Amino acid sequence: MIPYLARLLDMTINNGTLPADWKRALVFPIHKGSDRSLVTNYRPVNLTSVVRKQMEHVTASYLRKAWDKNEWLYGGQNGFRSGYSCGSQVIMVCENSAASRDKGDRIDAIVTDFSKVFDLDPHDWLLMKIAISGVDSRVVAWVRELFLGHTQRIKVGGQLSEDVRVTSVVLQGSVLVPLLFLAYVNDIWRNTE
């Protein structure tokens with residue numbers, strides 16, 4: 001089976017297309033707690049093609065390696081990176097703050113909530129950032145194809161909704177979303193240092 005999957009995945013990258021089944025998701029709302037009557041107390045879980053998820057893993061691995069090799073990602077970015085963590089980010093902030101305080105420098109802090117960033121993100125901006133990161137143009141085309149024509153339906157109880165077109169980058173459960181987030185915010189530091 002592996003040779004057939006490898007061939008299929010190779011074809012999608014070289015042709016820059018995805019099978020229609022890879023662009024459909026079935027969404028199950030999972031209750032997070034508290035009041036069941038509030039929609040905000042549910043987390044959407046998307047079930048998508050297993051083969052597509054494997055391709056996302058391959059693409060994510062490629063992006064990580066390419067960005068590490070090019071040293072494209074901002075060094076202060078600790079989220080969603082191997083060998084980095086929230087803890088390492090906190091330590092870095094504390095060390096930098098202490099060093100600045102010891103020198104008598106002024107310290108300003110800005111906290112930004114990115115929780116809805118991909119709901120509003122124009123796909124073209126994200127694709128442009130990925131393209132200038134030095135990755136293969138076929139990968140950029142493949143990621144672009146992920147955004148086009150993606151649909152989802154919601155299943156609650158035994159009821160299934162009609163297909164609805166997904167217009168944001170957020171594909172819950174996607175392996176690539178954390179890396180795409182890194183690409184999107186990668187240059188934000190340029191205006192803060």
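Lys and Arg count here as positive and Asp and Glu as negative, while His and the chain ends are not counted.

**View 1. Overall form and charge of the predicted chain.** In this predicted model, the 23 positive and 20 negative charges of the chain have mean positions that lie 5 Å apart. The C-alpha atoms fill a box of roughly 60 × 45 × 30 Å, taken along the principal axes, and the chain exposes about 12,500 Å², of which carbon and sulfur atoms supply 57%. Of the 193 residues, 33% count as buried.

**View 2. Order of helices and strands along the chain.** Seven helices and five strands make up the secondary structure elements of the chain, and, read along the sequence, these elements follow the pattern α-β-β-α-α-α-α-α-β-β-β-α. Among the contacts with a separation of 6 or more, 63% are accounted for by residues 24 or more positions apart.

**View 3. Confidence across the elements of the model.** The mean pLDDT of the chain is 83, with 90% of its residues reaching 70 or more. Among the elements, strand β4 (residues 159-160) has the highest mean pLDDT, at 92, whereas helix α4 (residues 117-120) has the lowest, at 58. Where pLDDT is low, the predicted coordinates should not be read in detail.

**View 4. The largest nonpolar core.** This core holds 30 residues, among which W67, I130, W142, V143 and L176 touch the most other members. At least two core residues are supplied by each of α1 (2-15), α2 (50-70), α5 (123-131), α6 (137-147) and α7 (177-185), and α7 gives the most, with seven residues.

**View 5. I110 in the loop between α3 and α4.** I110 is found in the loop that runs between α3 (86-103) and α4. Because exposed means over 50% relative accessible area, I110, at 75% relative accessibility, counts as exposed. I110 and R138 are 28 residues apart in sequence, and their C-alpha atoms are 37 Å apart in space.

How values were computed:
Residues are numbered from 1 along each chain as its sequence is written. This is a predicted model: local features need pLDDT of at least 70, side-chain atom pairs count only at pLDDT 80 or more; totals for chains, interfaces and linings use all residues. Side-chain values use heavy atoms; hydrogens and water are left out. Helices (H or I, at least four residues) and strands (E, at least two) are DSSP runs, numbered from the N terminus. Buried means under 20% relative accessible area, exposed over 50%, partly exposed in between (1.4 Å probe, protein chains only). Contact means heavy atoms within 4.5 Å. Accessible areas come from the Shrake-Rupley method with a 1.4 Å probe; for residues, only the protein chains shown count as cover. The place of a charge is taken as NZ of Lys, CZ of Arg, CG of Asp or CD of Glu. pLDDT is the predictor's confidence in each residue, from 0 to 100. A nonpolar core is a set of buried Ala, Val, Leu, Ile, Met, Phe, Trp, Tyr and Cys residues joined through side-chain atoms within 4.5 Å.
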